[in-house]
Amino acid sequence: MELIVNGRKTFCYTAGKPFDAAKPTAIFIHGVLNDHSVWILQTRSLAHHGWNVLAPDLPGHAKSAGDPPASTEAACDFVLALMDAAGVDKAALIGHSFGALIALEAAARAPQRASHLVLVGVAFPMKVSPLLLEASQNDPEKAIAMVNTFSHSTLAPPPSSLGPGTWLYGGSRALMRRVLASNPRVNVFHAGFKACHAYAGGDAAMLKVTAPTLFVLGQHDQMTPPKAAQSLVRAAQHPTVVTVPGGHQMMLEAPEAVLAALREFLQP
Amino acid sequence: MPGYSDPGFDTLALHAGAAPDPATGARAVPIHLSTSFVFESSEHAAALFNLERAGHVYSRISNPTNAVLEQRVSALEGGIGAISTASGQAALHLTIATLMGAGSHIVASTALYGGSQNLLHYTMRRFGIETSFVKPGDIDGWRAAVRPETKLFFGETVGNPGLVVLDIGSVSNIAHDAGVPLLVDSTLTTPWLLKPLEHGADLVYHSATKFLSGHGTVIAGIVIDGGSFDWAASHAANGKFGELAEPYDGFHNMVFTDESTVGAFLLRARREGLRDFGACLSPHSAWLVLQGIETLGLRMARHMDNTAKVVEFLAGHKFVSRVGHPLLESHPSHTLARKMLPRGAGSVFSFDLKGSREQGNAFVDALQVFSHLANVGDCRSLVIHPASTTHFRMSDEALALGGISQGTIRLSIGLEDPADLLEDLKRALRAAEKAGA
């Protein structure tokens with residue numbers, strides 16, 4: 001569905017289900033140069049099992065208008081405004097990579113509005129190498145190839161977003177190209193990486209989070225290896241850590257394990 | 001894997017889609033000859049049917065062996081996924097039937113395999129889908145053929161048997177300006193020679209019967225989605241692809257472009273096309289194609305080496321009036337082929353004898369290493385004389401329009417020792433000359 005957030009059209013995937021105020025809400029926040037569709041094998045399931053799902057395309061990405069958030073804090077503003085626009089007081093905040101930093105910041109800024117916090121493929125600090133930062137600005141196709149290599153861990157993934165026969169290296173590359181092309185005004189790739197790189201408030205934010213927190217970490221994640229999440233795990237008041245057999249794009253490489261972790265954690 | 005790129009072609013040809021079987025340790029891909037797959041629970045069953053979870057239900061829709069083939073060919077083509085089908089024709093039909101219905105229009109190359117030409121010119125027309133045919137090199141003709149109801153551009157990487165090379169970049173630009181995708185039949189070139197998606201095509205299909213399988217043992221097809229075509233944007237601009245960008249009441253009112261930003265075509269093609277039309281591939285056939293693909297790089301290199309030798313030999317023979325291969329400067333696609341197909345333009349081509357229909361027959365009958373049959377892309381060398389077989393009902397005038405003369409011979413160069421192939425051709429050319437004496 002489309003929401004107007006800060007005066008801008010915002011696309012939110014809901015699995016085709018109408019919003020039901022009586023149900024709990026889960027907000028899924030994607031990472032750099034991704035969109036809502038990376039969550040397909042988690043969102044669709046929750047939406048059909050008792051949850052409202054709101055999986056937005058971040059501003060300036062894919063089907064959402066506006067400028068891409070220039071910082072994690074600005075992206076947090078967007079998420080809280082999205083909740084206001086949807087009439088949601090409290091939600092499970094679920095983020096991947098850059099989206100995990102955004103979810104963390106939101107759960108810290110407004111602890112009363114986060115029923116749960118789920119950080120998938122997270123690291124703090126989330127420093128981006130100078131080479132990758134530079135390439136994302138000046139040679140995005142090279143940077144896409146780098147991210148694609150670092151984000152996948154297997155040549156034989158299980159059935160995934162398109163069912164059996166999905167080739168994730170190709171799918172992730174095509175999605176990154178599509179999202180980059182979706183914004184001819186601003187390089188959302190570079191903007192996203194800059195925001196990750198600059199975010200300094202992770203540990204402090206984690207200390208403020210009161211919601212139970214699930215860390216879903218990819219056993220073979222080269223972008224945000226499990227060890228890079230440990231300072232956040234230590235700072236969390238109520239951490240649960242699940243390691244799944246996948247790389248950074250674990251929602252697609254290990255969809256069943258990520259879904260199982262989510263469903264277990266989000267049980268009422 | 002080296003650097004910041006996918007693994008290399010031969011590594012993908014051996015490994016993409018397949019890991020040792022976790023249940024048995026089997027290293028080769030198991031053949032899953034099972035119609036159906038057990039659900040973990042009633043909830044799991046419902047979730048699979050509702051696309052909440054990904055997995056196998058019934059082998060008409062998907063099968064673990066076929067899925068390996070689909071991932072592997074996707075990897076080799078640079079696509080996002082694929083659907084294996086009962087034949088190349090089934091892949092073409094599945095693509096058309098997924099993207100359009102009655103009242104739609106296709107712009108296609110004139111240089112098509114006869115079966116594809118039949119499907120478009122006669123059969124789809126009966127179902128209300130019209131096709132305009134354009135010479136592949138007539139770039140303005142492609143643009144001029146577009147109608148408001150056009151949904152697809154379609155051509156072959158190299159036309160059969162004239163080997164006219166499709167300028168995929170130019171034709172795809174025109175298709176995209178018109179808000180439609182370009183589908184390319186890449187059967188004769190395989191991804192080892194050309195990756196159409198890298199040149200601007202959006203969808204690619206193969207008769208996997210030919211070089212992908214490579215051994216003349218199996219009928220199979222596969223269609224690969226490059227994930228490049230923005231169905232939602234095209235639909236928003238001109239209403240062309242409601243099949244993918246509007247709720248579909250035939251499948252839970254799903255909006256396929258919302259479910260997958262880049263893979264809407266494959267979602268509908270599998271969930272509707274395989275479900276309803278049912279032209280699925282047997283897992284055993286999928287395995288045979290996989291077995292072929294494991295050596296695709298090795299075989300294609302040899303196909304090209306042998307083809308170069310045969311082309312050179314025929315081009316220098318006094319009883320041969322024309323050799324239709326882009327290796328030769330005389331071929332209309334010579335320059336384009338050097339640019340797009342630096343490894344070669346395929347091993348299926350035609351040449352003309354200086355002789356009659358009877359001399360053509362004599363040539364074919366005298367061959368001993370080449371097999372006389374109606375296929376291409378086998379590891380064995382093949383020959384056919386179109387005027388007396390595939391096109392025998394056609395008049396000389398009609399044959400000429402198709403670029404075929406009484407003396408036209410089509411060859412598919414295999415993997416035999418090249419000296420034996422040349423010797424066989426020499427003997428047969430002598431026999432043909434004698435038959436005209």
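Trainee: What does the secondary structure of chain B come to?
Mentor: The secondary structure of chain B comes to 19 helices and 12 strands. Keep in mind that this is a predicted model.

Trainee: And how does the radius of gyration of chain B sit with a compact globule?
Mentor: It agrees, because a compact globule of 437 residues would come out near 22 Å, and chain B has 22 Å. The C-alpha trace spans about 80 × 55 × 45 Å along its principal axes, and 56% of the residues count as buried.

Trainee: Switching to the contact, how many residues come from chain A and from chain B?
Mentor: Chain A puts in 33 residues and chain B 46 residues.

Trainee: Which helix gives the most on the chain A side?
Mentor: That's α6(A), with six residues. By type, that side of chain A, the one touching chain B, splits into 16 nonpolar, 12 polar and five charged.

Trainee: OK, sheet time. What's the strand order in chain A?
Mentor: Eight strands make an open sheet, β1-β2-β4-β3-β5-β6-β7-β8 in chain A, with mixed pairing. β1 (2-5) and β8 (239-244) of chain A are the edge strands, and the twist averages 25 degrees from one strand to the next.

Trainee: Do β1(A) and β2(A) run parallel or antiparallel?
Mentor: Antiparallel, joined by four bridges. A:E2 stands opposite A:F11 in β2(A).

Trainee: Which strands does α11(A) lie across?
Mentor: β6 (114-120), β7 (213-218) and β8 of chain A, and α11(A) runs at about 160 degrees to β8(A).

How values were computed. Residues are numbered from 1 along each chain as its sequence is written. Chains are lettered from A and ligands numbered from 1 in the order in which they are written. This is a predicted model: local features need pLDDT of at least 70, side-chain atom pairs count only at pLDDT 80 or more; totals for chains, interfaces and linings use all residues. Helices (H or I, at least four residues) and strands (E, at least two) are DSSP runs, numbered from the N terminus. The radius of gyration is taken over C-alpha atoms; the globule rule is 2.2 Å times the number of residues to the power 0.38. A residue is buried if 20 or more other C-beta atoms lie within 10 Å of its own, exposed if 12 or fewer, and partly exposed in between; C-beta atoms are placed from the backbone. Two residues are in contact if their C-beta atoms, placed from the backbone, lie within 7 Å. Ala, Val, Leu, Ile, Met, Phe, Trp, Tyr, Cys and Pro count as nonpolar, Asp, Glu, Lys and Arg as charged, and the others, Gly among them, as polar. Two strands pair if DSSP finds at least two bridges between them. Axes are lines fitted to C-alpha atoms, for helices over the stretch in contact, and angles run from 0 to 180 degrees between N-to-C directions.
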